[in-house]
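Reader: I am new to this structure. Please take me through one part of it slowly, then show me what surrounds that part.

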Amino acid sequence: MRSYPNCKINLGLQILSRRPDGYHDIATVMLPVSGLHDTLDIDLLPTGDPGQPRFEISGTAVDCDDDQNTCLRAYHLMRTVFPGRVSAVSIRLHKAIPHGAGLGGGSSDAAFTLRMLNVVFGLQLDDDALCQLALRIGADCPFFIRNRPAYVTGIGDRIEQVDFDLQRLGLRVEVVKPDVSVSTREAYAGTTPR
């Protein structure tokens, strides 16, 4: 099974407060951007496989070790929540979304992995259940479960769909990534909430 985890952009980002758990309360409008995406393939491994996934990554460099990749984190989460129902798979990820740009590539990869595993293993989880699982991987992962324009608050867990169609407005998005990267942690650490 193949999918194309897309990136997103934030139209404005208000950082409202720092929470005791280290997260920040935010308010933003997130828009999915379909023209810039990764490629994700997930296939079942033979029945006799001991249960460890195979993972391959190619394309744009990422800023984490393979065992911390969000696709594997999503797989292991599903395996933990549904023991005996989620078996070993082969995951191949080709990265095109640059990291350190606020585009949500890793979060999108995780959300699409959850969605694909839901289908592959016939778990029949609805979007609300998938959003709850996605939140355990990262704050903006739930956005990519529904993957539609949304007003996002809380730590990224409160998502209200909005009617915002760039094409209808005669607008388009062009993503330009300079040769500078800033991790989410560094970006938030450099702010003073209002």
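Which strand gives the most to the lining of the second largest pocket?

Author: The strand is β3. It supplies five residues to the lining of the second largest pocket. Keep in mind that this is a predicted model.

Start with that pocket. It holds about 290 Å³ of space. Its lining counts 14 residues. Nearest the centre lie Pro-32, Val-33, Ser-34, Leu-166 and Gln-167. Sorted by class, the lining has nine nonpolar residues, three polar ones and two charged ones.

Now follow β3 itself. This strand covers residues 24–37. It belongs to an open sheet of four strands, in the order β2-β3-β7-β8. The pairing in this sheet is antiparallel. At the edges stand β2 and β8, and each of these pairs on one side only. From one strand to the next, the twist averages 20°. Strands of a sheet pair through backbone hydrogen bonds, and the pairing can be parallel or antiparallel. Another one concerns side chains. In a regular strand they alternate between the two faces of the sheet.

Move along the sheet to β7 and β8. Strand β7 spans residues 150–154, and strand β8 spans residues 158–161. Four bridges hold this antiparallel pair. Tyr-151 faces Glu-160 in β8. Thr-153 has Arg-158 as its bridge partner in β8. The two strands form a hairpin, with three residues between them. In the turn sits Gly-156, whose phi is positive, at about 120°.

Go back to β3, for it also contributes to the largest pocket. There, β3 supplies at least two residues of the lining. So do β2 (6–18), α1 (70–81), α2 (105–120) and α5 (184–189). This largest pocket holds about 1600 Å³ of space. Its lining has 46 residues. Ser-107, Asp-140, Ser-183, Thr-184 and Arg-185 are nearest its centre. By class, 19 of the lining residues are nonpolar, 18 are polar and nine are charged.

Take β6 as the reference. It covers residues 89–95. Five of its seven residues are buried, so β6 is largely enclosed by the rest of the structure. Strand β4, residues 39–44, runs antiparallel to β6 and is joined to it by six bridges. In that pair, Thr-39 stands opposite His-94 in β6. Strand β5, residues 54–59, is also joined to β6 by six bridges, but these two run parallel. Here Glu-56 stands opposite Arg-92 in β6.

One last check concerns the cysteines. A disulfide is a covalent bond between the sulfur atoms of two cysteines. This structure holds zero disulfides. Consider Cys-141. The closest cysteine sulfur to its own is in Cys-71, 10 Å away. A disulfide needs the two sulfur atoms within 2.5 Å, so the gap between Cys-141 and Cys-71 is too far for a bond. Both residues are buried: Cys-71 has a relative accessible area of 0%, and Cys-141 has one of 2%.

To return to your question, the strand is β3. It lines the second largest pocket with five residues, and it also supplies at least two residues to the lining of the largest pocket. In the sheet, β3 stands between β2 and β7 in the strand order.

Conventions:
Residues are numbered from 1 along each chain as its sequence is written. This is a predicted model: local features need pLDDT of at least 70, side-chain atom pairs count only at pLDDT 80 or more; totals for chains, interfaces and linings use all residues. Side-chain values use heavy atoms; hydrogens and water are left out. Buried means under 20% relative accessible area, exposed over 50%, partly exposed in between (1.4 Å probe, protein chains only). Two strands pair if DSSP finds at least two bridges between them. On a 1 Å grid over the protein atoms alone, a cavity is a set of points where a 1.4 Å probe fits but cannot get out, and a pocket is an open set with protein on both sides within 12 Å along at least five of seven lines; lining residues have an atom within 4 Å of a point. Grid points are joined across faces, edges and corners, and a volume is the space filled by probe spheres set on the points. Ala, Val, Leu, Ile, Met, Phe, Trp, Tyr, Cys and Pro count as nonpolar, Asp, Glu, Lys and Arg as charged, and the others, Gly among them, as polar. Axes are lines fitted to C-alpha atoms, for helices over the stretch in contact, and angles run from 0 to 180 degrees between N-to-C directions.
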